[in-house]
Amino acid sequence: MNTKYFLTTACFLALSAPAGLGAQEKKPAPYFTDVSAEAGLAGVSVQNAVWADLNGDGYADCLTWGSGPVMNVFLNTEKDGKRVFKDFTQESGINHNPDISTGTRVASFVIAGDVDNDGDMDLFSGLYCEFEKPKTDPADKKGETPLKDAAGNIVYEKTDNGLRSEILLNDGTGRFSVRKDNRAAFPPETASSGAFFDYDGDGVLDLFVGNWYKEYGLSYISYPSRLYKGLGGGMFSEATEDASLLTQPTEGKPDSSRPVYGVSHCDWNNDGLQDVLISVYGRQANRLWKNNGDGTFTDAAVEASLDGDEIRHGRYPAGSKREAEQEWRSHGNTFSAACADYDNDGDMDVFLGEITHGWAGEASDRSSLLENLGPKKGFAFRRYADLLGRVHQSTVNWNQGDMRASWADLDNDGRQDLLLASGDYPDGQYLRLFRQVKPLELEEITDKAGFNWESSGSISIADYDNDGRLDILAGKSWMRMPANRRSGPVPAAALFHNDLDNGNHWLSVKLAGSGEGGTNKGAVGARVKVKAGGLTQQREVSTSHGHSGLSDEQVLHFGLGKAAKADSIEVIWSSGDVTFENVPADRFVKIVQGAMTPEISTKPFARKK
């Protein structure tokens, strides 16, 4: 059922369009400025970062972590009329070990979501545990034989320290506590990524955790990735086997467990159900877990062409001494799968971020845009691996460390742009921005953007100061970087403030579901369509789209171009869809499931106490 509500602009304050840029300068200012120092983030080791409003004041706070496993929390506050970040780590309790008063708990990544439906952001604190990897016998020059002690027992590289992945519940102020009675749900495995989503439509968030190799360097055996059903109150129980998702400890078979580096979710086939896209490492095939709507999933990656490109001979370049790989090892090293209806045609497309090496040959997949061909083609993807026009410093020994990618309308023109973060190799790996000119035409504007960010770490996008323009928080990686190309004592982050004043309009849409029995309180998985200026754009609320908790703020941002209003905003809830018409631009819009009218304001919405 679609319910429509009509709004008149007379109900709201008169609009005034932003001033134009005036006379063009010969050397225009860059679109973005790194304000990390003045914002209070200087000198903080940041490899990964996630935006999330932790205290419900309507401003995005940030969670960061560096090369180590200790988390940092920074609350977004105001000082002298500007937004700055206050270190709230100690007060947040995010690193507190409830079992040892003087101990520290650790994490490898975090995923934000309202797991107890109380209106604030809780966390899944994922931990990479590698306690079942044997040491290798020094007598074996190939490093393939496990080392054993005098009694014949295998000697392992790491001793189990008792630390596990955890659910951290938020009290609404950004202070967290471990849900101790649910700790046994998460086994000590090589967790690399995850996502909250509601797979069974009961209004409670569920959790998917992606696991990596079990014995990296010794075999291709991987831990199975796992689905946990949300029980409410932050409690979870494993549902992997019941959901037909359990894979096997074998190599190279259709049901073999594969090394996962990224977990994404979106409604890939427009059936109203959240599907799961699995980014797989080790030249193995990606997975697309199709949600069947009955509590089970089916891998549709092959039929949808998400598994890999068509080159599967596995051969290395001429002159290489490596033997050709089998077909199951002739795909990509995929880290991220960013879903977006980038071409505004009504279905979800995907950009795959890959690590690729020149020495690996053509059978190793490149980073690619996957265009969704829609219902007439069974929602299969058409792959484009050459849209970005990448130039390498060498014809053979080159790398593409494209581990993270995000879609966002960074110039508010109604077309989503591609932000690509490359790192971990010392041959031209940078943060890059590709402006969408039109579908299948992406223009690199990295120089115009003002980026010179080498070996980028994770990226997260949010309008952190709520000025109607999306900003970027980018981490830094020193992996394989020579000392003379490192700056400062730690790999610190860049906070790129969006200064582009092109007169384009925008809307910021925040959704709130009704909770159990409806859409989850955080509205994860809900879809919004905005019609304005002759375009129909759509977004979904998402918690993750790739490696190590890659995620943007869970507020939906729409650029409207020169349109001074949205002709309509349609929200597709689990209970049906609702439409509001004639919504003025340059506004914050909050829509609650079941409400007769949206809340519209010139200021962001804080959570009601």
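Me: Which residues point the other way from β21 than Ser368, Leu370 and Asn372 do?
Reply: This is a predicted model: local features need pLDDT of at least 70, side-chain atom pairs count only at pLDDT 80 or more, and totals for chains, interfaces and linings use all residues. Residues are numbered from 1 along each chain as its sequence is written, and side-chain values rest on heavy atoms, with hydrogens and water left out. In a regular strand the side chains alternate between the two faces of the sheet. Ser368, Leu370 and Asn372 point one way from β21, and those pointing the other way are Leu369 and Glu371.

Me: How many residues of strand β21 are buried?
Reply: Strands are DSSP runs of E, at least two residues long, numbered from the N terminus; buried means under 20% relative accessible area, with exposed over 50% and partly exposed in between (1.4 Å probe, protein chains only). Strand β21 covers residues 368-372 and is largely enclosed by the rest of the structure, because the buried residues number five of the five.

Me: Which residue of β22 is the bridge partner of Leu369?
Reply: Two strands pair if DSSP finds at least two bridges between them. On one pairing, β20 (residues 349-357) runs antiparallel to β21 with three bridges, and Leu352 has Ser368 as its bridge partner there. β21 also runs antiparallel to β22 (residues 381-384), with four bridges. In β22, the partner of Leu369 is Tyr384.

Me: Why does the pair of Trp212 and Tyr261 count as stacked?
Reply: Rings of Phe, Tyr and Trp (its six-membered ring) pair if their centres lie within 6.5 Å; planes under 30 degrees apart count as stacked, over 60 as edge-to-face and the rest as tilted. By this rule there are 27 aromatic pairs. Trp212 and Tyr261 count as stacked because their ring centres are 5.1 Å apart and their planes meet at 20°.

Me: How many residues apart in sequence are the parts that this pair ties together?
Reply: Trp212 is buried at 6% relative accessible area, and Tyr261 is buried at 16%. Trp212 lies in the loop between β12 (206-211) and β13 (226-232), and Tyr261 in strand β15 (residues 260-266), so the separation in sequence is 49 residues.

Me: Which residues do ring pairs link into a cluster with Trp212 and Tyr261?
Reply: A pair of aromatic rings is described by the distance of the centres and the angle of the planes. Beside Trp212 and Tyr261, the cluster linked by ring pairs holds Tyr128, Tyr213, Tyr216, Tyr220, Tyr281, Trp328 and Phe335.

Me: At what distance from the ring centre of Tyr59 does Arg83 lie?
Reply: A charge sits over a ring if NZ of Lys or CZ of Arg is within 6 Å of the ring centre and within 35 degrees of the ring normal. Arg322 meets this over the face of Tyr316, at 5.5 Å from the ring centre. For Arg83 over the face of Tyr59, the distance is 3.6 Å.

Me: Which residues have the most contacts inside the largest nonpolar core?
Reply: A nonpolar core is a set of buried Ala, Val, Leu, Ile, Met, Phe, Trp, Tyr and Cys residues joined through side-chain atoms within 4.5 Å. The largest has 73 residues. A second, separate core of 19 residues includes Leu433, Ile445, Ile472 and Leu550. In the largest core, the residues with the most contacts are Leu511 and Ile569.

Me: Which residue of β35 is the bridge partner of Lys529?
Reply: With residues up to four places away in sequence not counted, Ile569 touches (heavy atoms within 4.5 Å) Lys529 and Phe580, among others. β31 (residues 527-532) and β35 (residues 565-573) pair in the antiparallel sense over five bridges. In β35, the partner of Lys529 is Glu570.

Me: Which residue takes a positive phi in the hairpin of β31 and β32?
Reply: β31 pairs with β32 (residues 535-540) in the antiparallel sense over six bridges, and Arg527 has Glu540 as its bridge partner. Two residues lie between the strands, and the one with a positive phi near 60° is Gly533.
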